[in-house]
Amino acid sequence: KIMLLCLIFTIILRCFHEIITIGYSVYHSYHLPWFRTLSWYFLLCVNYFFYGETVTDYFFTLVQREEPLRILSKYHRFISFALYLTGFCMFVLSLVKKHYRLQFYMFGWTHVTLLIVVTQSHLIIHNLFEGMIWFIVPISCVICNDIMAYMFGFFFGRTPLIKLSPKKTWEGFIGGFFATIVFGILLSYVMSGYSYFVCPVEFNNDSNSFTVDCEPSELFQLQDYGLPPVLQSITVKLYPFQIHSIALSAFASIMGPFGGFFASGFKRAFKIKDFANTIPGHGGIMDRFDCQYLMATFVNVYIASFIRGPNPSKVIQQLLALRPDQQLHIFNSLKAHLTEKGLLPALEEAA
């Protein structure tokens with residue numbers, strides 16, 4: 001997973017470079033003072049903010065154990081804002097009278113690029129920390145849809161889908177949809193059986209290392225599902241995650257391509273064929289990941305809305321970081337609440 005994080009960060013840098021370079025070439029902005037430096041400085045600031053938030057959220061115990069990390073975590077948002085404010089002031093000081101409009105164009109261009117690239121990549125990393133399966137299945141579904149839509153369109157395509165991409169057809173769009181649904185269900189079945197893919201990344205205090213070993217949740221345990229009344233006597237065993245994979249596959253098939261359409265419209269607006277020539281014959285990195293960013297956002301929202309519940313371990317970690325008097329106050333409040341509910345006496349009798 002460390003290698004995956006490094007790969008994601010490399011992709012962030014490359015995608016940012018490709019989009020910023022288009023801005024330079026389109027607006028002929030090579031002569032703007034400090035602008036290349038400021039663009040990369042803002043990238044550094046935004047990455048520091050997002051990665052710092054991620055580390056504090058997922059590895060709270062580790063952060064609290066190390067004094068330098070604890071201080072950085074406590075004042076993380078203030079430090080991030082101070083860094084951004086420094087860049088903002090540098091931009092204002094770099095303004096040149098004859099280039100005001102162009103400089104503000106490029107300032108906006110940089111911030112939109114950061115929104116598209118860094119924010120979405122941050123969500124991808126969050127998905128990865130929830131378990132490899134939340135990272136691999138969505139990405140694989142987008143790739144599968146791209147391949148199957150092309151194949152169905154190549155052999156059966158007759159009806160144009162959208163003017164932005166003349167080669168896209170309704171036949172390819174519909175064929176890709178059903179093929180991706182089947183693929184998502186099968187891939188989810190295979191991956192749900194391995195704890196390495198379904199367990200979230202956690203820091204183990206005993207071994208002082210990061211682990212992906214856990215007791216799989218009900219989401220990744222086989223359950224019996226009855227078929228419709230016509231086939232009432234038949235039951236099938238499925239992982240609940242396979243049901244969720246249908247939603248992921250459907251989004252990859254229906255909304256995912258719109259990321260590609262957006263990229264096509266963007267390139268047509270600036271009269272370019274590809275974002276770059278990083279991959280011979282296939283354009284730049286951004287050309288390969290235009291659909292993935294929408295998918296990453298959807299998966300993150302889906303997990304937050306339908307999957308993730310209160311995390312007892314995180315609550316305990318935060319409680320242990322409080323002062324003793326605060327811990328005692330919470331203990332007494334919780335004890336009173338459990339007593340009122342009638343749970344504490346039952347637990348005492350059982351003891």
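Predicted model: local features only at pLDDT ≥ 70, side-chain atom pairs only at ≥ 80, totals over all residues.
A residue counts as buried when its relative accessible area is under 20%, as exposed when that area is over 50%, and as partly exposed in between.

**Overall build**

The protein chain contains 16 helices and six strands. Taken along the principal axes, its C-alpha atoms fill a box of roughly 80 × 65 × 35 Å. Of the 351 residues in the protein chain, 38% are buried. For the protein chain, the accessible surface is about 20800 Å², and carbon and sulfur atoms account for 68% of that area. When contacts between residues at least 6 apart in sequence are considered, 68% join residues at least 24 apart.

**Aromatic pairs**

A pair of aromatic rings is described by the distance of the centres and the angle of the planes. Across the whole structure, a search finds 28 aromatic pairs. One of them joins Phe88 and Phe107 in an edge-to-face arrangement, with 6.5 Å centre to centre and 65 degrees between the planes. Phe88 belongs to helix α5 (residues 76–94) and Phe107 to helix α6 (residues 100–130), so this pair ties together parts that are 19 residues apart in sequence. Phe107 has 16% relative accessibility and therefore counts as buried, whereas Phe88, at 36%, counts as partly exposed.

Another pair is formed by Phe258 and Phe261, whose ring centres lie 5.3 Å apart with the planes at 75 degrees, so this pair is edge-to-face. Phe258 and Phe261 are three residues apart in helix α11 (residues 256–269), a separation of about one helical turn. Phe258 is partly exposed at 42% relative accessible area, while Phe261 is buried at 5% relative accessibility.

Asn127 is placed in helix α6. With a relative accessible area of 3%, Asn127 is buried. Leaving aside residues up to four places away in sequence, Asn127 touches Trp134, Ala296, Val299, Asn300 and Ile303.

Arg288 lies in helix α12 (residues 285–289) and counts as partly exposed, at 43% relative accessibility. The C-alpha atom of Arg288 is 9.0 Å from that of Gly260, although 28 residues along the chain separate the two.

The relative accessibilities of the residues discussed are collected here.

| Residue | Relative accessibility | Class |
|---|---|---|
| Phe88 | 36% | partly exposed |
| Phe107 | 16% | buried |
| Phe258 | 42% | partly exposed |
| Phe261 | 5% | buried |
| Asn127 | 3% | buried |
| Arg288 | 43% | partly exposed |

**Annotated spans**

The unreviewed UniProt entry carries the annotation "transmembrane region" for residues 6–27, 34–51, 78–96, 103–125, 131–157, 169–191 and 241–263. In the model, residues 131–157 are 89% helix and 0% strand, and the end C-alpha atoms of this span lie 37 Å apart. Residues 241–263 are 96% helix and 0% strand, with 31 Å between the end C-alpha atoms.

Notes
Residues numbered from 1 in each chain as written. Heavy atoms only, no water. Helix = DSSP H or I, 4+ residues; strand = E, 2+ residues; numbered from the N terminus. Buried < 20%, exposed > 50% of the residue type's maximum accessible area, 1.4 Å probe, protein only. Contact = heavy atoms within 4.5 Å. Areas by Shrake-Rupley, 256 points an atom, 1.4 Å probe, with all protein chains shown as cover. Phe/Tyr/Trp six-rings, centres within 6.5 Å; stacked < 30°, edge-to-face > 60°. UniProt positions renumbered as here; feature names shortened; annotations may be inferred.
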